[in-house]
Amino acid sequence: MKKIGLSIVTLCLLFACTSPKQEQAKAQHYNEPYRPQIHFSPEANWMNDPNGMVYYDGEYHLFYQYYPDSTVWGPMHWGHAVSTDMVQWEHLPIALYPDELGYIFSGSAVIDWNNTTGFQKDGEHPPMVAMFTHHLAEGEKAGRDDYQVQSLAYSLDKGRTWAKYEGNPVIPNPGIKDFRDPKAFWHEETQRWIVIFAALDRVRIYSSANLIDWTFESSFGETYGGHGGVWECPDLFKLKAEGTDEEKWVMLLSINPGGANGGSATQYFIGDFDGHSFTAEQPEEAIKWLDHGKDNYAGVTWADIPETDGRRLFIGWMSNWEYGQVVPTEKWRSAMTLPRSLHLIKKENDYVVASRPVKELESIEEKTVQILENNTVVAEEVETLGIPIKTEVVFDLKNATADKFGVELINGLGEKYLIGYDRAREQFFSDRTASGKTDFEKRFAKNLHPSPYSTNADDLKLTIYIDKSSVEVFVNDGEFVMTNLVFPNEDFNQAAIFMTGGDITVKSLSNTKLKSIW
């Protein structure tokens, strides 16, 4: 296997603080082993699914499944953070606590602009309404099937304080064991609220005039998609196909287990929604994966993004239930993926949902160094790689003779992580078997993770975001994405282009150092 050795720019962590002592304390807190520097993570303890994502008055709200008393899953709360750019976050107090109806499982939030709920009295702000699953652990232990119901909470002060609706639950359980994760949105055509949530291995869709009184409309999924595990965290929204006037409805659906690479993953369906039922255009057996790595799960999109913005914005839980509770972090567990915008693109005779890092990430970019142009070294003196960093590499597919090629991240201990493309099989693969700490769970580094990807393009562009414990790869403007955790015993400080069975031309390779968000 041939390699082109490359050195990559170093990164100094920068913290915006008010005093040297505060700066030092914050730097120490957010510089623990494997602590992400460009991804959201909790200050301490356990986190999983993103919840209640809504935009209001200049703030992106991120709620999340949170257990404040341990670094493993426990009685679920809603943690809370806000941001003006989805990049730098302010931690806020816990928003929702368990109560007599149960734990606070996943859900969504919307702005009730017209006060259809009647929750707004004399307040200045319209109600921010959270719809979530109450999970009664005692009912589950007793073997009942009705231990999950859908409930409401609301805030009249921009999400700072919350009150639970006195009439909870608003959707009682009809006798379905897994009955959870409501995603609510306003459907303009029918002038009604719609909620979609998971019900065992399919979704159920309800409608309402006021977010309180709900009517069952339809179900979807019994014969569609993957059914290797429980369905969770659905989402339903409309996207316009780029470069056309066509609009399609997209349904996201997380499944665990049953992912293509094992454990947790998110599939999606493309079709039409008329306010009552969803009709898929793809064949029943077709499975489309939003991310082809192991570590992007339960992601949903932000509600109430202004029309002047127009993007469909997404974030996911960057982990996998196969090993999420045993990854080698100490004071905290789990992070979110980078925020992404979702785009519908027409590829040959099919539609693909592309994921692209949000433009706001440019705010943490610092110096960019061009390393290679047409396989010629451009930078004369370049220091070793510092984390976090963004690497962009463009391969010449048109003239390639190599059967396999890609990027290998390496550290001084000889640990490595491989990102490669197999031209003959038309598939990407990644390999973390020698990436550092892997023995905390036998499935974490189990063999390669091949995923099909074909393209007629002359070039193959990889945009790679490397953080302390994760690598996110966006191929050809997000047509294909791989998100994977890694736990090297020291930071990866070198990269190499590898190839087998022939040659590959690197048209360009650049590296941009990134500031810490903390």
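Good morning. I begin with the second largest pocket, where strand β23, residues 350–357, provides the largest share of the lining, three residues. Please bear in mind throughout that this is a predicted model. Strands β18 (288–289), β30 (451–452) and β33 (480–485) also contribute at least two residues each to that lining. The volume of this second largest pocket is about 530 Å³. It is lined by 24 residues, and those closest to its centre are His-292, Lys-347, Val-352, Pro-452 and Tyr-453. By class, the lining comprises 13 nonpolar, six polar and five charged residues.

I turn now to the largest pocket, with a volume of about 1,200 Å³. Its lining numbers 33 residues, and Trp-186, Asp-304, Ile-305, Glu-307 and Arg-312 lie nearest the centre. Which strand gives the most to this lining? That is β14, with six residues. Strands β6 (103–111), β10 (179–187), β15 (247–256) and β22 (340–347) are among those that each supply at least two. The lining of the largest pocket divides into 16 nonpolar, 12 charged and five polar residues.

Finally, the nonpolar cores. The largest has 36 residues, and the members touching the most others are Phe-395, Phe-428, Leu-460, Leu-462 and Val-471. Strand β31, residues 459–467, gives the most to this core, namely four residues. A second, separate core holds 33 residues, including Val-110, Val-170, Val-195 and Trp-214.

Notes. Residues numbered from 1 in each chain as written. Predicted model: local features only at pLDDT ≥ 70, side-chain atom pairs only at ≥ 80, totals over all residues. Heavy atoms only, no water. Core = buried A, V, L, I, M, F, W, Y, C linked by side-chain atoms within 4.5 Å. Buried < 20%, exposed > 50% of the residue type's maximum accessible area, 1.4 Å probe, protein only. 1 Å grid on protein atoms, 1.4 Å probe; cavity = no way out; pocket = protein on both sides within 12 Å on 5 of 7 lines; lining within 4 Å. Points joined across faces, edges and corners; volume = space filled by probe spheres on them. Nonpolar A, V, L, I, M, F, W, Y, C, P; charged D, E, K, R; others polar.
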